[in-house]
Amino acid sequence: MFKLARPLVFAAFALSGLCWTESSAQSVDPTLLQGLRWRMIGPHRGGRTKTVAGVPQQPGVFYTGFVNGGVWKTTDYGRTWVPIFDDQPTGSIGALAVAPSDPDVIYVGSGEGMQRPDLTTGDGIYKSTDGGKSWKNMGLPESEHIGMIAIHPDDSNTVYVAAQGPLWSACGDRGLSVTRDGGETWELSLEISENTCVTDIELDPRDPDVIYAAAYQRRRRAWTLINGGPESAI
């Protein structure tokens, strides 16, 4: 049942996005978009890009996180990038979110959250209150992999974290955790089983008290790799 939550949730969002696209397209001349092309804007480094976030109040500011390269920031639409997470004990990033109500407040979830044998782990969730100049670890140290962060649109202290937990063992900080005091304390809001993680969350834009969570069974064992068994086994 929980495996079906992900496609059902995103199907709903896809349909709502389609309706918006059709209605908005009626007022936009398609010829205005013909000259737009994708281009590489960096930062130029090795590794996998896991997350990116922009700041509506600051159009030129973007943050991006890498699975083994920390967090980078641009203030000029991607022309130049600066690493802002190098002083932290982990460089593995799985999620990043900027508070809609305060662009100086940023939450970063460590641990790449990929289902692969050579993955890097993290040590919890980090918070910055000065636009990434400084960071503080705010807990969930046993999460190892954080897949998504959602911040209440009106309250930067209310944060939801989808923690995947350890890949090679059970339990850990696995599930959907919530804080209402900016990370000082955490409550495990959704716990399904010792092997089932929460990997994605979305807040309803019309009512942020309505939350959708996607979950799946996530546990690897060494013998499945050695003996050619299924890639993931419970």
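## Overall picture

A contact means heavy atoms within 4.5 Å. By that rule, residues 24 or more positions apart account for 45% of the contacts in the protein with a separation of 6 or more. The structure is a predicted model, where local features need pLDDT of at least 70, side-chain atom pairs count only at pLDDT 80 or more, and totals for chains, interfaces and linings use all residues. Residues are numbered from 1 along each chain as its sequence is written, and side-chain values use heavy atoms, with hydrogens and water left out.

The protein has 2 helices and 14 strands. These are DSSP runs numbered from the N terminus: helices are H or I with at least four residues, strands are E with at least two. Of the 234 residues, 44% count as buried. Buried means under 20% relative accessible area, exposed means over 50%, and partly exposed lies in between (1.4 Å probe, protein chains only). The accessible surface comes to about 12,600 Å², and 55% of that belongs to carbon and sulfur atoms. Areas come from the Shrake-Rupley method with a 1.4 Å probe; for residues, only the protein chains shown count as cover.

## The largest pocket

The largest pocket has a volume of about 590 Å³. Of the 30 residues that line this pocket, the closest to its centre are Leu96, Ala97, Met148, Ile149 and Ala150. Strands S1 (49-54), S5 (93-98), S9 (146-152) and S13 (196-204) are the elements that give two or more residues to the lining. S13 gives the most, with 6 residues. The lining divides into 18 nonpolar, 7 polar and 5 charged residues. Here Ala, Val, Leu, Ile, Met, Phe, Trp, Tyr, Cys and Pro count as nonpolar, Asp, Glu, Lys and Arg as charged, and the others, Gly among them, as polar.

The search uses a 1 Å grid over the protein atoms alone. A pocket is an open set of points where a 1.4 Å probe fits, with protein on both sides within 12 Å along at least five of seven lines; lining residues have an atom within 4 Å of a point. Grid points are joined across faces, edges and corners, and the volume is the space filled by probe spheres set on the points.

## Salt bridges

The structure holds 3 salt bridges (a side-chain nitrogen of Lys or Arg within 4 Å of a carboxyl oxygen of Asp or Glu). Glu112 pairs with Arg48, with the closest N and O atoms 2.6 Å apart. Glu112 sits in the loop between S6 (106-110) and S7 (125-128) and Arg48 in the loop between helix H1 (2-25) and S1, so the pair ties together parts 64 residues apart in sequence. Glu112 is buried at 0% relative accessible area, while Arg48 is partly exposed at 27%.

Asp204 and Arg206 also meet in a salt bridge (3.3 Å, N to O). Asp204 is buried at 9%; Arg206 is exposed at 75%. Arg180 bridges to Glu187, with the closest N and O atoms 3.5 Å apart. Arg180 is exposed at 54%, and Glu187 is partly exposed at 43%.

## Backbone exceptions

Most residues other than glycine have a negative phi, and most peptide bonds are trans. The bond from Gly42 to Pro43 is cis, with omega near -5 degrees. Pro43 is in the loop between H1 and S1.

Tyr77 is not a glycine, yet has a positive phi of about 65 degrees. Tyr77 lies in the loop between S3 (70-74) and S4 (82-83) and is exposed at 56%. Leu140 also has a positive phi, about 55 degrees. Leu140 lies in the loop between S8 (136-137) and S9 and is buried at 8%.
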